[in-house]
Each structure stands twice: as structure tokens, then as C-alpha cells.
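The points below are grouped by topic.

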Amino acid sequence: MIPCDVAVIGGGVIGLTAALTAARQGLQTVLVEAHTPPAWQVESPDLRVYALALDNQALLESLGLWRQIVQCRAFAYNGMTVFDEVQSSPLHFRAEDLGRSCLGHIVENGLLVDTLWQAVTQQPGIRVLCPDKIAAIDDLDDAVMLRLQSGLEISGRLAIGADGAGSKVRSLAGIETDEHDYRQKGLVTFVETELPHRNTAWQRFLGTGPLAFLPFGDNRCSIVWSLPEAKADALLSAEPEAFCRALDSAFAGTLGKTRLLSARAAFPLKRRLARTMLKDRTLLLGDAAHAVHPLAGQGVNLGLRDVTALGQAFETAKAKTGDALDLRQLQRFARTRYSDNAVAALAFENINRVFSNDVFALSLVRGHALGIADRLGPLKNAMARYAAGF
């Protein structure tokens with residue numbers, strides 16, 4: 001039997017950040033992960049990248065990790081441009097309008113995980129159990145018992161499921177979900193562009209789904225392209241030249257001709273919302289609680305905001321009750337974050353529904369709507385502040 005305050009299941013970005021946050025609050029923490037992550041390598045960029053918002057950059061700064069990440073590889077973007085395939089009235093966001101030097105950074109998942117993993121394994125107060133997996137969860141009055149596949153058992157006052165969209169913790173805890181299958185796949189790759197991207201994150205809404213070009217070095221971009229499943233599969237297997245012709249057409253030649261720089265991959269797109277983030281003393285964070293459409297690049301940002309809010313809940317609970325794991329404070333945290341995440345997930349879904357379709361009436365107005373929003377300063381600034389995490 002391994003006693004602890006907090007047991008975190010899942011060694012991805014959210015789980016690792018949660019484990020560090022808990023340990024630095026003085027909570028004895030156990031992290032359970034199935035696989036040791038591979039070391040990040042500069043010559044092999046991870047196809048999975050994030051548009052990391054400024055508030056989450058601040059979280060990594062508070063953990064003492066941001067400088068190390070930037071020294072390895074992180075690309076700032078100081079503008080965002082959103083436009084529609086039918087109308088040509090784009091919506092522009094600029095960092096200078098918010099008094100900032102940038103709106104965020106493009107960072108690889110592999111780099112984040114490797115940096116966080118090294119920090120976790122060196123952090124006093126964290127015991128890492130890897131490789132191992134969760135097998136059972138039993139709730140007691142004031143604790144939660146976890147049994148692992150290895151036979152080890154953990155007794156903790158809080159179990160955190162940060163084990164992704166297919167969360168085993170969520171299933172074992174009996175937490176139901178509301179789901180919607182978009183019948184799309186997100187295709188990702190790296191390309192070289194003929195024209196400079198101007199340190200701008202670009203997104204074009206197409207009838208088949210949004211297409212994003214994210215700056216990743218000089219005249220290089222990470223592509224995130226949401227497509228119907230059959231079309232995504234066809235483009236995965238297409239010859240590089242044919243793929244780039246389709247990509248250039250879909251992006252209307254905005255950055256000139258493209259050249260494929262890497263392999264391609266695709267992942268299915270589904271919205272999956274847990275009906276609660278906290279059941280007894282089992283808490284869900286990140287994709288285990290809310291898997292959302294990637295059109296706004298907010299998936300990992302929502303998860304990291306869960307972690308920031310949880311750290312604040314620990315501090316508030318300790319100040320008010322002397323117990324960082326006071327159940328009433330955890331319940332308050334879970335209600336607030338559930339509401340915020342559900343609103344965000346459904347908002348992304350409705351934006352996708354309005355812009356990614358071939359309905360003629362909508363096609364006549366949606367591009368104009370972007371142009372109107374671009375001219376409404378207070379509305380545009382509010383949208384930019386949300387995207388940047390303010």
C-alpha cells in the first residue's frame with residue numbers, strides 16, 4: 001500500500017503539470033504512467049503541436065520551465081487571421097492591439113512532455129510509477145483506493161484522471177459522457193511555404209472543415225486540417241505533389257505554393273464531455289473531462305487552465321480551512337471549470353457547424369460577419385483576449 005495525498009493517472013502534458021502543481025503545494029504525490037516518454041530530439045519535430053496561450057505560458061513560467069522550452073524550440077506568433085472560403089472579409093488579431101509582443105507560441109507536444117517529465121522525476125514529493133496502469137478504483141469516506149495492474153495499491157485523498165479522451169479513470173469511476181462524432185479527421189504535417197507567414201497563425205473556414213497554418217520557423221508551418229474521414233484518408237496516401245496541390249487550393253494560395261517537409265498523420269475528431277469533473281474524490285482534468293474540436297486550438301489550453309484553477313483551489317482551501325484538499329473547495333472548483341469548459345466546447349462546435357458547411361444562405365453572410373467583427377474594436381479585442389488567455 002502506497003499512501004499519498006494526490007494520485008495522478010496519466011503522464012501527458014496535463015497530468016505532469018498537475019503532478020508538479022500538487023507537489024509544489026506540499027502535497028505528497030504519486031504519478032502513474034504506462035510508458036516512459038521518448039526524449040525530444042531537435043531534428044525530429046513532433047507533428048502534434050499546440051498554439052499555447054499566454055496564460056498557460058505564465059503557468060509554465062511559474063513552474064520554472066518556460067525558459068528551457070523557449071531555448072529548445074518555441075515559435076511566437078504576433079497575429080491571427082481568420083477568413084472564409086466564400087467571402088474575403090478576414091478577421092485580424094494583432095498582439096500590439098493588446099499591448100503585447102505576441103499572442104502565444106507554437107510548441108511541440110513532445111518537447112512539453114519531455115521537459116515536464118524531467119521536472120517531475122526530479123521533483124521532491126513525487127513518486128513515479130512507470131510503467132504501470134490503473135486497474136480499479138474504490139471510493140471510501142475520505143479517501144480513494146487505486147489498484148494498479150502491477151498489483152500495487154495506492155491510498156490517496158484525491159485521484160486525478162488526466163489520461164486522455166479515452167480515460168480509463170473516467171470509466172472506472174462510472175462518470176458518463178455526452179459525445180458527438182464529427183465524422184472528421186484532423187490531418188497534421190509540416191510544410192514549407194513560398195511566401196513568409198509573417199509570424200501569423202492563419203485559419204481558413206472551408207465547407208469541409210477549418211484549415212490552419214501555424215508558424216513553425218522561417219517559411220515553415222504546421223498544418224492542422226479538419227476533413228471528412230474519407231477525404232482525410234485519401235490525402236494521407238496521396239503523392240506529396242498531389243497533396244500540396246490540394247492544400248494550396250484549399251488555402252487559396254495565401255502563402256504561395258507549399259512543399260511537404262514531413263510525414264502526415266490524422267486523428268479522429270469527436271467532442272466528448274464528462275457529465276461531471278468530480279465524483280467523490282476522483283477528479284478529471286484535460287481531455288479526460290472535455291475533448292473538443294481543434295478549430296480554435298484550445299484543447300490543451302483548456303486543460304492547462306484546469307490545472308491553474310486547481311492550484312488556486314488548493315491555495316484557497318488551505319487558507320480557509322487549513323486543508324488544501326477540502327472537499328467543498330474541490331467541488332466548487334469542479335463546478336466552475338465544468339461550466340467554463342462546457343460553454344467553450346459547445347461554442348467551438350457551433351462555430352464549426354456555422355462555418356464548415358455548404359448551406360448557401362450561411363455562405364452569403366458568414367464571411368461578412370468576420371469582416372464586421374474585425375471592424376468592431378471592443379468585440380474583436382474581447383475575442384483576442386480570450387484566445388490569448390486573459
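Glutamate 192 counts as partly exposed, because its relative accessibility is 28% and partly exposed residues lie between the buried limit of under 20% and the exposed limit of over 50%. The model is predicted. Glutamate 192 forms a salt bridge with arginine 259, at 3.1 Å from N to O. This pair links distant parts of the chain, with glutamate 192 in strand β14 and arginine 259 in strand β18 (residues 258-260), 67 residues apart. Arginine 259 is also partly exposed, with a relative accessible area of 45%.

**Other salt bridges**

- The whole structure contains 11 salt bridges.
- Arginine 272 and glutamate 179 meet through their side chains in a salt bridge of 3.1 Å, N to O.
- Arginine 272 belongs to strand β19 (residues 265-274) and glutamate 179 to strand β14 (residues 177-193), so the pair links distant parts of the chain, 93 residues apart.
- Arginine 272 is buried, with a relative accessible area of 14%, whereas glutamate 179 is partly exposed at 48% relative accessibility.
- The side chains of lysine 185 and aspartate 233 form a salt bridge at 2.8 Å, N to O.
- Lysine 185 lies in strand β14 and aspartate 233 in helix α6 (residues 229-237), 48 residues apart in the chain.
- Aspartate 233 is partly exposed, its relative accessible area being 36%.

**Surface charge**

- A patch of negative charge on the surface gathers Asp138, Asp139, Glu153 and Asp280.
- Aspartate 280 sits in the loop between β20 (278-279) and β21 (282-284).
- With a relative accessible area of 45%, aspartate 280 is partly exposed.

- Helix α1 (residues 13-23) is mostly covered, with 11 of its 11 residues buried.
- Among the buried residues of α1 are Val13, Ile14, Leu16 and Leu20.
- In helix α2 (residues 54-62), the buried residues are Leu54, Asn56, Gln57, Leu59 and Leu60.

**Whole protein**

- The protein has 11 helices and 22 strands.
- Of its 390 residues, 54% are buried.
- Among contacts between residues at least 6 apart in sequence, 74% join residues at least 24 apart.
- The protein exposes about 16800 Å², of which carbon and sulfur atoms supply 51%.

How values were computed: Residues are numbered from 1 along each chain as its sequence is written. This is a predicted model: local features need pLDDT of at least 70, side-chain atom pairs count only at pLDDT 80 or more; totals for chains, interfaces and linings use all residues. Side-chain values use heavy atoms; hydrogens and water are left out. Patches are made of residues with over 30% relative accessible area and no salt bridge: like charges are joined within 9 Å, nonpolar side chains (Val, Leu, Ile, Met, Phe, Trp, Tyr) within 5 Å. Accessible areas come from the Shrake-Rupley method with a 1.4 Å probe; for residues, only the protein chains shown count as cover. A salt bridge is a side-chain nitrogen of Lys or Arg within 4 Å of a carboxyl oxygen of Asp or Glu. Lys and Arg count as positive and Asp and Glu as negative; His and the chain ends are not counted. The place of a charge is taken as NZ of Lys, CZ of Arg, CG of Asp or CD of Glu. Helices (H or I, at least four residues) and strands (E, at least two) are DSSP runs, numbered from the N terminus. Buried means under 20% relative accessible area, exposed over 50%, partly exposed in between (1.4 Å probe, protein chains only). Contact means heavy atoms within 4.5 Å.
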